[in-house]
Amino acid sequence: MLYGRYHFSCVFEDGAILPWYKGSTFRGVFGHALKKVVCALKRQDCKDCLLREKCIYSIVFETPTPEDVPGAKKRIASAPHPYVIEPPETTRTHYKKGEPFEFALLLFGKANDYLPYFIYAFEQMGQLGIGRRNGNKRAGFLLKSVSVDNGTIIYANHDKKIRHGLFTQELLVERTDGIKPIRSLELTLKTPLRLKYENRLRAELPFHVLVRAILRRISSLNNFHGNGEPALDYRGLAQRAKSVETNKSSLRWFDWRRYSNKQDQAMLMGGMVGQVTYSGDLTEFVPLIRFCEKVHLGKQTSFGLGRIELTGMSE
């Protein structure tokens, strides 16, 4: 699966007030800005639009369902969005005019081809403003540059040009050849992870629940945005994950509230954060976790939720 990670560097042009968790704020304004940039027919409802199948807004925000995609696995309830917004990690809420901030955009598959549209949409987002209104205006910001992990600049505000080059990589589930046997690992949930276990959202993460979620994420992303489901022993991996034990856990529930314009109501969007340590025969699971470190995991990943990091391993 083609994978791109893009860093957006910005500076506030007004004082700003943002929520503790900023993923919903960034995603909401991004959607509004992208639709403003690409919508040719200015329709309110994408599902009736003539251009739906070729419209980047529809592909990104109204991603086709499995029934619409030939060959897609019918057990996948809904298609994953081809993007993740990683908002600023800080819980800070007040910013002064002239202060810088950064966020990242992850793109999967063909969505990378539309990067210029996303850059332009984020530039427009700065003009629309973000955060709490001050009078009748939200805080504006200036998009200064867009770069990739190695620091290469793709876009700069001073010339408003997009550079050409190879800015993506092929993201695969690595083989376990050469990996030393792993008997213990520590996983950190950096942003709220929303996973249902026994039909409930809870602050527990047995290893087999984690592995099932990882396998679903790998399968669905590659089905819809890559070259098809990787050849993994899905059933065997899920079964063997049951023998792995939880040694230590500081997981807790973190609630945050967002307002859904689509549903016209405030919604609680909590998830697990903290650290958990597992022990057992873990070697074959490490490449799966490494894959999901780069693409996030669980529900509402487009808001930046489900960011995980492997923070410790031992033999």
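Visitor: Which residues of helix H1 are buried?
Guide: This is a predicted model, in which local features need pLDDT of at least 70 and side-chain atom pairs count only at pLDDT 80 or more, while totals for chains, interfaces and linings use all residues. Residues are numbered from 1 along each chain as its sequence is written, and side-chain values use heavy atoms, with hydrogens and water left out. Helices (DSSP runs of H or I, at least four residues) and strands (runs of E, at least two) are numbered from the N terminus, and buried means under 20% relative accessible area, with exposed over 50% and partly exposed in between, for a 1.4 Å probe and protein chains only. By that cut-off, the buried residues of H1 are Gly23, Ser24, Thr25, Phe26, Arg27, Val29, Phe30, Gly31, Ala33, Leu34 and Val38.

Visitor: Why does arginine 27 count as buried, and which residues does it touch?
Guide: Arginine 27 is found in helix H1, and it counts as buried because its relative accessible area is 17%. Contact here means heavy atoms within 4.5 Å. Not counting residues up to four places away in sequence, arginine 27 touches Phe61, His81, Tyr83, Ile85, Ser302 and Phe303.

Visitor: How far apart are the end C-alpha atoms of H4?
Guide: H4 is mostly covered, as 16 of its 19 residues are buried. The expected span of a helix is 1.5 Å times one less than its number of residues, so the 19 residues of H4 should span 27 Å, and this agrees with the distance between its end C-alpha atoms, which is 27 Å.

Visitor: How many disulfides does the model have?
Guide: Cysteine 292 counts as buried because its relative accessibility is 0%, and cysteine 55 also counts as buried, at 18%. A disulfide is taken as a pair of cysteine sulfur atoms within 2.5 Å, and by this rule the count of disulfides is 0.

Visitor: What share of the residues of the protein chain is buried?
Guide: The protein chain holds 6 helices and 20 strands, and its C-alpha trace spans about 55 × 45 × 40 Å along the principal axes. Of its 315 residues, the share that counts as buried is 51%.
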